[in-house]
Amino acid sequence: MGVDGILGNRDSQKRANIPRRRKWVKRRETWLVILGVILHAVYMLSIFDIYFKTPIVHGMDLVSPRFSAPAKRLVLLVADGLRADKFFEPDSEGNFRAPFLRSVIKNQGRWGVSHARPPTESRPGHVAIIAGFYEDPSAVTKGWKANPVEFDSVFNRSRHTFSFGSPDIVPIFCGALPHSTWDTYPHEFEDFATDASFLDEWSFDQFQSLLNKSNEDPKLKRLLEQDKLVIFLHLLGCDSNGHAHRPFSSIYLNNVKVVDHIAERVYNLLESYYKDNRTSYIFTADHGMSDKGSHGDGHPSNTDTPLVVWGAGVKHPKPISRRDHSDHGLRFVDEHLHDAPTPKEWGLNGIERVDVNQADIAPLMSTLLGLPCPVNSVGNLPLGYVDIKEEEEVEAVLANTKQILNQFLCKSQMKRSHSLYFKPFKPLAHYTSLLNQIEGLLSARDYKAAMQLSENLRSLALEGLHYFQTYDWLMLMTVITLGYIGWMVFLVLHVLQAYTSLLGDISRKEEAVRQKYNTGKVQLLGCLFMGVVSILLFLERSPPLYHAYFAMTVFLWTQILRQYQFIKALWRHLSGRKFNYVIKLLATGVVSVFILELLVHSFTERELYTWCFLVVGAVASLYLYNLIPWRSGIPVFVCLACWFLSLFTLMPAEIPDNNKLVIASGAMISIIGLAAKWLELHAGGNKYWLGICKHEIRQPRFPMLFHFQVLLVGLSSVMVFLSTSHRTEKQELHVIHQLMNWSIAGFSIVLPLFSDNGLLSRLNSIFLGFAPTFLLLSIGYEAVFYSALGLVLMAWILFEHSLHYLTKVKKTSASRMNSEEHVFLENDVRYLQLSDVRIPLTFMVLFNVAFFGTGNFASIASFEISSVYRFITVFSPFLMAALLIFKLFIPFMLVICAFSALTKLLQIPRLGCYFLVILFSDMMTIHFFFLVRNTGSWMEIGNSISHFGIVSAQVVFVLLLFALTNIYTEGIQIKPDSPASRKLI
C-alpha cells in the first residue's frame, strides 16, 4: 500500500538502500546550504546596487560664482537631535525655551523647518548639511563614521575651517582636511548616565579659547581675519539626553535652553571680535528625536528640524498676511507639503516661514561665502534666505544649476563609455542651447525669465541624475527575480528527492530514460551562456557583483534543467494521481500562500497576529476537544496560551518604561518554571503528557540546577530594581551592579547545557536560562511577552504531541499493510508527508511573532537603546548594538529550540523542515522584493527595503540559530514507542 508523501506514495523499500542514499543527501545538502547562504548574502547586496548605489561621482569641474560674497565668514551651529517642535514651542509656563533665537527670528533673520531624509542619523544629516547630498547608505557598514567614498563639502571649499565637537562627526569632515583646525572630546565623555549638556559647553569653551589665544598669536590672528572662513560647532547634548531621558524630559528641554544660550554667546563673541557685520550665522539640527528617545526613520519627529539664519547676506523677517506661497503644492524629501501650517503654539504665524530640504543648506552656505557649491551637492539654493541683488540671485541659481548639471554630464559620460547599447536622457539632449539661452536673457537683463529657465534646467538635471542612478534597475530586478524563483524550484526538487518517498516511486520507472539523458550537455550550455554574459558585462565594465548575480541565476537554472527527466516524470506521476489527492495538494498550497501573505502584511499591520492567535486558539482547542478528553487540560491550555499572546500585538510598538512590570515578570517566569517542573514529576498518569514528561535516564547529575536557575531569575529581578533606581536618581551605574548583571547574564545561558535530557525538562531549563538576560535587557511589557511566548510554544508541542499519540493509537489498530507508510530514513526519522507542511508554517508564524510581538523591528527607530543601560552607559555603538541584537535573538532561540524538540518528538527530519522554512521565507522575500518602492516618500521606500532585508536575513540567520540551538537540544531524548507499536513499524 502507498504512503501519503508530500507529493506521492511509495512502495516499501529495503533498509539496505538507506545508508547509500543518506550519504548522497548529506553531500548534496552540504553544498546546498553553502550555496543558500552565499546566494542570500549576495542577493541582499543587490538592494545597494538598485536603491542604495552611491550617488557620488568624481571628475566634475568647480563652478565659481560670478558675484561678490555677502559674508567673510560663516558660523554653523548644529544641535544634534533637536526636534523642531521642542525648539519652537513654549514650556508649560508659557515661556519659550530659545529666547535669543526667537528674537533673531522676529528682528534679524529668517526661519523655517529643515526637512531631513531617512535614515535620520547623525552622519547622513551632517553630510546633507555640509556636503549637500543625501549620504551614501553603504556608510552604515562602517557605523556611519568612516567615509566609504570621498566627497566634496563646503569645508573643502573654504579658506579655513574651525571645528569643535563630537569625535564621531568632526573627523568625518576635518580629519583629512589640511586647511582646518579642529578638536574633539574623548568618547568617554558621552555617558548616558549624566546630563550631556556639558558637551555643548565644551565645544563653546574650545572656540572661545581659540579666539582668546589669537590675541597672543599673530599667525592665528591673521588666519582669523581672512575671508571664506567656516566655524562649525557640533552640539551633541540634545541627542545624548534625548536617548537617555526622552525628548519630553526636563534634562532634554533644558538642553534646548543651553544651545540657545551658546548661540547667543557665539554671536556676541564674534560681533565684538570682528566689529564688521560680515558674519553669517546658521543654526539647525541634523535630525530630530522620537518620543521614545530614538531616531532613524521618517517620522516627522525625526525629520523636522529647526533652521534659523541671520547675519551678513541674510534677509530680514518678512511679515505675512496670507498663508499661500508661490511654492504651494510641492513636497520635501520627507513627503511633507510646502507651506505646512505653522502650529499656533509656536507663536510665529505672522512671520514668513521658509522651509528647506536639508541638502539645501550647503548651497546656502556656499552662496553666503561666495564659494563654489560642493561638486556632489543636489541641494537647491533657498532664495528666501539670501539678501542679494536680483542679478546676483540669478547668477547664484545658475551656478547651482551648472554644478548639478555637471554631475549629470559626468554620470552620462561614464554610462555612455561603458554601455554597448546606451539610452540617453532625452530631455537634456540639447542642454547647451538652454545654457546659451539663459546667458542671453542675463545679457538682456530679463532676470525673471532667466531665473525661471535656470530653475527648470536644474529640475531636469536632478531628474537626469535619478535616471542614471536607476539606469540598471530593470535588468537587475529581472535577474534577481529569476534567481529567487530558480532557488525555490531547486529547493522543492531537493526536498522531494531527499525527504519524501517520491524518488523511489519514480526512479524505478524512469531509470532507463534518465540514463539516456545526458546532463553534461546542459552543464556545457550553461557554462557557455554564462561565459557570453560575463564577456558582455566585462565589456560594459560592470561591477563584480553584477557577474555574481548573473552567475548564480544561470547556475541555478542549469541545475534545474539537469533534472529535466525527473521533473517530466514528476508531472506524469501527478497526472496519474486521483483527483481527490490533487485537490488536497492544491488546498495545502492555497492555505500555505494565505498564511505567508498574512505574514507579509503583518510587517505593516501587527494587529493581524492578534486575530490570528484568537482564531487559532479557539479552533485548535475545539479540534482537540473532539479528539481527547477535556479533563486532560490540554485544550484549555492551548486556548488560553494563544489568547494571552494575542494581546501583545495590540500594544504600542514604542515600549513604555515600566520596571514594576519587568520585576513582576520575573515572578511570572519562576511560577511557569515551577509549574513545568511539577508537571514533569506528577503528570505520569496523563497519557497525553507522558511522552514529553518521562524519559529513561539515570539520576540527574545536578539535582539543584533547577533551583539555582529559579534563584538567578529572582536575582535578575532584584538587579533590575537596583540598577534602574540608581539611574532614575541620576546616579551612575555602580560597577558592582554592572559586574553582577554581566555575571548573571553570562552564567545563566550556560546552565541549560547541564540539565536533564527529557524534552520538558530541557526546554524548561532553556526557558529559565535565557530569562535573566532578557529581564535585564527589558524596560516594559516585553518581559511579559517572554512568558507568553514560552506558554504558546509549550501549547504547540502539546498540540502536536496529542495528534502524534492519537496517530500511534490508530497505527496499532491498523493492519500490517497499512504500516508500510512508516518506513524510516535513519535513526527513527520518517519520511515527510503532505500534512507535515503545517510544522514549518507554524514555525514561520511563531518566528515572525518573535520579531513583531513587542515592536516593529522593520523600523530603525524601534530599537530601544535604554534597554542596555543596565550593562553599559558609556556610548559604545557596536557593543550596544550587540546587546540589542542578542535581546532580539532570545525569543528566536526559544522558538527554534521548541521546533527542534518537536521534530524529535514527531520523528521528522529537521533538515527537511529547515529547507521548507527556507522555501516559505523566500516566497515572502520575493514578494517583498516586488514591494520595494522607488517612488513616493523616502519613509515608504526605506521601510519597503528594510522589510526585504529582514526576510532575506531571516533565511541566513535561521541556519546559524539552528546550529547554535543544536547545542541545547541535541541531547534531548524522547521516550521510545511501546514494543507493540514499534513491532508494526
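Biologist: Is the crossing of H21 and H32 left-handed or right-handed?
Modeller: The crossing of H21 and H32 is right-handed. Handedness is read from how the near helix is turned from the far one: clockwise gives right-handed, anticlockwise by less than a right angle gives left-handed. Bear in mind that this is a predicted model, where local features need pLDDT of at least 70, side-chain atom pairs count only at pLDDT 80 or more, and totals for chains, interfaces and linings use all residues. Residues are numbered from 1 along each chain as its sequence is written, and side-chain values use heavy atoms, with hydrogens and water left out.

Biologist: What makes H21 oblique to H32?
Modeller: Helix H21 (residues 579-602) packs on helix H32 (residues 910-931) at about 50 degrees, and their axes are 10 Å apart. That angle makes H21 oblique to H32, given that under 35 degrees counts as roughly parallel, over 145 as roughly antiparallel, 65 to 115 as roughly perpendicular and the rest as oblique. The angles run from 0 to 180 degrees between N-to-C directions, with axes fitted to C-alpha atoms over the stretch in contact.

Biologist: Which residues in H21 and H32 meet?
Modeller: From H21 come Ser592, Val593, Leu596, Glu597, Leu599 and Val600, and from H32 come Phe920, Met923, Met924, His927, Phe928 and Leu931. Contact means heavy atoms within 4.5 Å. By class, this contact has nine nonpolar, two polar and one charged residues.

Biologist: Why is helix H12 called largely enclosed by the rest of the structure?
Modeller: Nine of the nine residues of H12 (residues 361-369) are buried, so the helix is largely enclosed. Buried means under 20% relative accessible area, exposed over 50%, and partly exposed in between (1.4 Å probe, protein chains only).

Biologist: Is cysteine 174 buried or exposed?
Modeller: Cysteine 174 has a relative accessible area of 1%, so it is buried. Cysteine 527, at 56%, is exposed.

Biologist: How many disulfides does the rule give?
Modeller: The count comes to zero, a disulfide being a pair of cysteine sulfur atoms within 2.5 Å.

Biologist: What makes serine 787 buried?
Modeller: Its relative accessible area is 0%, so serine 787 counts as buried. Serine 787 lies in helix H29 (residues 782-813). Leaving aside residues up to four places away in sequence, serine 787 touches Ser665, Met668, Ile669, Ile672 and Phe767.

Terms used:
Helix = DSSP H or I, 4+ residues; strand = E, 2+ residues; numbered from the N terminus. Nonpolar A, V, L, I, M, F, W, Y, C, P; charged D, E, K, R; others polar.
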